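Please read the sequence and the model shown here side by side. The paragraphs after them go through the structure part by part.

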Amino acid sequence: MNSLVEDAQKAGARVGMTADKIVINGGKPLQGRIRVRGAKNLVTKAMVASLLGDTESLLRDVPAISDVQVVRNLLEVHGVLVSEPESGELVLDPRNVKSAHFAEIDAFAGSSRIPILFCGPLLHQLGEAFIPDLGGCRIGDRPIDFHLDALRAMGAIVDKGYEGIHLTAPDGLHGANIELPYPSVGATEQVLLTAVRAKGVTELKNAAIEPEIMDLIAILQKMGAIISVEPNRVIFIEGVESLRGYTHTAIFDRNEAASWASAALATEGDVFVEGAKQQELMTFLNIFRKVGGAFDIEDDGIRFYHPGTPLKPVVVETDVHPGFMTDWQQPLVVALTKAEGVSIVHETVYENRFGFTEALIEMGADITVHKQGLESVTRRVPRRPLEQAAVITGPTKLHGADVHVPDLRGGFSHLIAALTAEGRSTISNVGIISRGYEHFIDKLKTLGADFSVAS
Ligand code: EPU
């Protein structure tokens, strides 16, 4: 077992997810109501932002997922006092921030890429930061060059060693003109979390503008930062000397919402996702409708359902916001195996995010993954040299199989595939799904899935 899996399982145990295997008897539509809480991809960053304040912060709607636990552990080894006065609320007190030992950080960081975002705040608070080897889902190379280049531009000295990366800023951090080679979510967050307390103004060009980034900017503004988002992916950050704590309710997890939506469609079910909002899901909703899915938007959530008419094929390419998110394609691909005709999904954000299709093929899906993008008249220009294409021909009936979860989103798509399949599937390594899906076992139960768990 590799350390990524072990970490996910250990952290999973702390968030009430001790199962390693789940045995699913497929063929039952998912029906009922579940709730999504704060977004994994905001909450973890908001927790890091608390390090920048000189008073405590209160974060609400925090999901019980193992990535949150990992960041909590990392904050605690750096002296942040973390408490949970109510379920879903975290109080983060950074008043006694201290350096942590190499070994401690390494032990807790294992399965997450979040440690890279500690750089700026720790450099401001302590004058140094240590970043161990980074984990995260196995979906490609996932370099950190944009992060390190931005930190260097703002005055950090980066020493790469055998165990990880050591950063210092002997002359303090200062504003800079930075242009990202690609609108990277993480690198944009890196610049925000560093520039807010750097001396002078930072101009960030080609920034990512995902809703979770806008929510992080809202948090930083509450803390006292001055950040303006300009047209054409430009963000200006005027550094301030100090920041205070914040009180904030996290934006909902649109990736989780889209996952349950695809699960409802693929299983011919009907799921009300409480907490889902239209605005952040518009691009997803368009594709969902084109495939033949139905939805009703209410004030407190969105009902996603299969209307009983045949599903239709689509051509989709993943992209940065406001495009179709890379995290939405895996669950959708399962629904596309039910569509009548040929669908094409281009993955343009990561270079290896179709690994999960192998298990679907084993279950009877007709999917061909091409190592390069496909030319087509309906396509905009090919996006990046690393893009790949999956061609899904449907409709196919899936049958049960034994499957090993490779990564977070791929793992969720395997759950959906097993729920739609005829017969029994055994899915192992499901602990990894608790990195980003709160209480997914309980939610499956609520929605009437027929399954049992084994540790
Ligand atoms: N990239 C570089 N160099 C860098 C940073 C990124 O080449 O220094 C490349 C990546 O290799 C990739 C592309 O830029 O090809 C986009 O990566 P990005 O930095 O935008 O992704 P990230 O910040 O590492 C976050 C989410 C991902 C989500 C992506 C895209 C978190 C913790 N992770 O990753 O979420 O897919 O943005 O929106 O916020 C997930 O939730 O399952 C997940 C993987």
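Predicted model: local features only at pLDDT ≥ 70, side-chain atom pairs only at ≥ 80, totals over all residues.

Residues are numbered from 1 along each chain as its sequence is written, and side-chain values use heavy atoms, with hydrogens and water left out.

The chain is divided into domain 1 (2–36 + 252–454) and domain 2 (40–249); such bounds come from an automatic or database domain assignment. Taken over C-alpha atoms, the centres of domain 1 and domain 2 are 29 Å apart.

The shell has 24 residues, with K45, D145, S184, V185 and V349 the closest; a residue is near a molecule if one of its heavy atoms lies within 4 Å of it. By class, ten residues of this shell are nonpolar, five are polar and nine are charged. Here Ala, Val, Leu, Ile, Met, Phe, Trp, Tyr, Cys and Pro count as nonpolar, Asp, Glu, Lys and Arg as charged, and the others, Gly among them, as polar. Four helices, α2 (40–49), α6 (145–153), α7 (185–195) and α13 (408–420), each supply at least two residues of the shell. Helices (H or I, at least four residues) and strands (E, at least two) are DSSP runs, numbered from the N terminus.

An oxygen atom of the ligand is 2.5 Å from a polar backbone atom of V349. D145 has a polar side-chain atom 2.7 Å from a nitrogen atom of the ligand, and R353 has a polar side-chain atom 3.4 Å from an oxygen atom of the ligand. The ligand taken alone exposes 830 Å², of which the protein buries 91%; accessible areas come from the Shrake-Rupley method with a 1.4 Å probe.

Next come the empty spaces. Rolling a probe the size of a water molecule over the atoms shows where empty space is left. On a 1 Å grid over the protein atoms alone, a cavity is a set of points where a 1.4 Å probe fits but cannot get out, and a pocket is an open set with protein on both sides within 12 Å along at least five of seven lines; lining residues have an atom within 4 Å of a point. Grid points are joined across faces, edges and corners, and a volume is the space filled by probe spheres set on the points.

The second largest pocket holds about 350 Å³ of space. It is lined by 20 residues, and A266, E268, K338, K397 and T420 lie nearest its centre. The elements giving two or more residues to this lining are α9 (254–266) and α13.

The structure holds one cavity of 30 Å³ or more.

The backbone has some features to note. Most residues other than glycine have a negative phi, and most peptide bonds are trans. The peptide bond from H321 to P322 is cis, with omega near 10°, and P322 lies in the loop between β17 (315–317) and α11 (329–336). The bond from G394 to P395 is also cis, with omega near 0°.

Definitions and conventions
Polar contact = N/O pair within 3.5 Å; in protein donor to acceptor, adjacent residues only side chain to side chain.
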